[in-house]
Amino acid sequence: MPSPAFHAPGTVDEVVGLLAGDPQARVLAGGTDLIVQMRSGRIAPSAVIDLKRIGGMSGVRVEAGTFAIGAATACTALKDCAELVAAWPGVVEAANLIGSVQVRNRATMGGNLCNASPAADSVPALVAAGATCVVAGPAGRREVPVAAIPAGPGKTSLAPGEFVVEIRLPPRPAGGGDAYLRSIPRTEMDIAVVGAGVSLVLGPDGTCTSARIALGAVAPTVVLVEDAAAALVGSRLDDAALDRMAEAVRAACRPIDDKRGTAGYRTAMAAVLARRTVNIARERAQSESTSKA
Amino acid sequence: MSKLLVSTTVNGDAQEFLCDPGATLLEALREQLGLTGSKEGCGSGDCGACTVVLDGNMVCSCLVLAAEAEGRQVATIEGVAEGSMLHPVQQKFLEHGALQCGFCTPGFIVAAKALLDHNPAPSESEVRYWLAGNLCRCTGYDKIVRAVMDAAAQLRQERMPA
């Protein structure tokens, strides 16, 4: 492959300057997508800008219960933050379904988001959790919902010269629980045929007061299914409510047929998986309200 | 494009090499430093034949740019044995016949050692999940898993206070 220039700046501002001066440059986080694409010839950036030497871009900061995950934080490093594992286990589990241990030691949260694969495992979990991200660029910084970043397979809404600096998660709400499940034909080293991220809040009597349900690999981007969430809110997650949720999930699917699964299979599985994921999130939310009682 | 000078530590020794900015760590190890134990199977992070340990974490060296190794610690298959003394993982691979063609073996040994370095008593299931990113087309994996379990047992015994 033609060799790009290599930069390893120490600050976010330097990255902004490098990107402004070279529109064909690409930022490098974990490299598990970028380097593969460079080697296959799919992309030929003029320069690669390594983000991992920038303080604060690797690792998780906990600030008054909120979490700031540096965009260059490796998936496995999320497990080192006990508060994050306790608050958002679904997000940590989703990131740690990606690839192998070797890949997860490199693959990052920012990269999984900005590679913009419809099947990215961490993205539905982040969207369900209500995550936002901080974007830096020539016009300064802005904070946008994670769900606003993917624009289609391999495409993001980032403007030229912009990159994701960190991902932010709110404190876990009282009575809250989250989960992520994906369907693949084996147990490891595969790409989601369907993914479902769920975040729920249950009141003291078990009534669902808030829900977010996000699906992966069933549309060009992650889908936040508001009708599915609405089917659960106000219910005690009884079978009738779960049936309405499943129906809304199926209605939101716009999948493709490919070697991993047919559109019909994906649509049917999305409902099955969403139901299983809701059940895990419910157990977590209940254990939360029990431990507080 | 001019070459980059990279200073790094490989298997405990300070090393310097020149590389293209787009070269991978695997290419630098094999072509600049002559450490040909790490293999390129797929070049896309699927097979694990190029597994090395970078600052304590095992990674696919085909998915690391050589320039990223500046100032880092790299451990390769060449550093696993101590002189002519094989590491227990290597010895057990021999005893159990956990290889045929051998192409995947360096990656498996680096990965298995990385597991046992931080988890001295893995379950068989933990071994299989840990090694999911290492592909072997010869053995069917059973002998590899048995060798790793046996190496773990031996290492636990060696570490027991006398």
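Helices (H or I, at least four residues) and strands (E, at least two) are DSSP runs here, numbered from the N terminus. Axes are lines fitted to C-alpha atoms, for helices over the stretch in contact, with angles running from 0 to 180 degrees between N-to-C directions. This is a predicted model, where local features need pLDDT of at least 70 and side-chain atom pairs count only at pLDDT 80 or more, while totals for chains, interfaces and linings use all residues. Residues are numbered from 1 along each chain as its sequence is written, and chains are lettered from A in the order in which they are written.

**Helix pair in chain B**
- Helix H3 (residues 105–118) of chain B and helix H5 (residues 142–159) of chain B have axes that come within 11 Å and cross at roughly 40 degrees.
- H3(B) and H5(B) are therefore oblique to each other (under 35 degrees is roughly parallel, over 145 roughly antiparallel, 65 to 115 roughly perpendicular, the rest oblique).
- On the H3(B) side, the contact (C-beta atoms, placed from the backbone, within 7 Å) is made by Phe108(B), Ala112(B) and Leu116(B).
- H5(B) brings Ile144(B), Val148(B), Ala151(B), Ala152(B) and Leu155(B).
- By class, that's eight nonpolar, no polar and no charged residues (Ala, Val, Leu, Ile, Met, Phe, Trp, Tyr, Cys and Pro count as nonpolar, Asp, Glu, Lys and Arg as charged, and the others, Gly among them, as polar).

**Domains of chain B**
- Chain B splits into domain 1 (4–79) and domain 2 (88–159), with bounds from an automatic or database domain assignment.
- The C-alpha centres of domain 1 and domain 2 of chain B sit 22 Å apart.
- Across the boundary, 14 residues of domain 1 of chain B are in contact with 11 residues of domain 2 of chain B.
- Strand E3 (residues 51–54) of chain B gives the largest share of the domain 1 side, three residues.
- That domain 1 side has seven nonpolar, five polar and two charged residues.

Definitions and conventions: Two residues are in contact if their C-beta atoms, placed from the backbone, lie within 7 Å.
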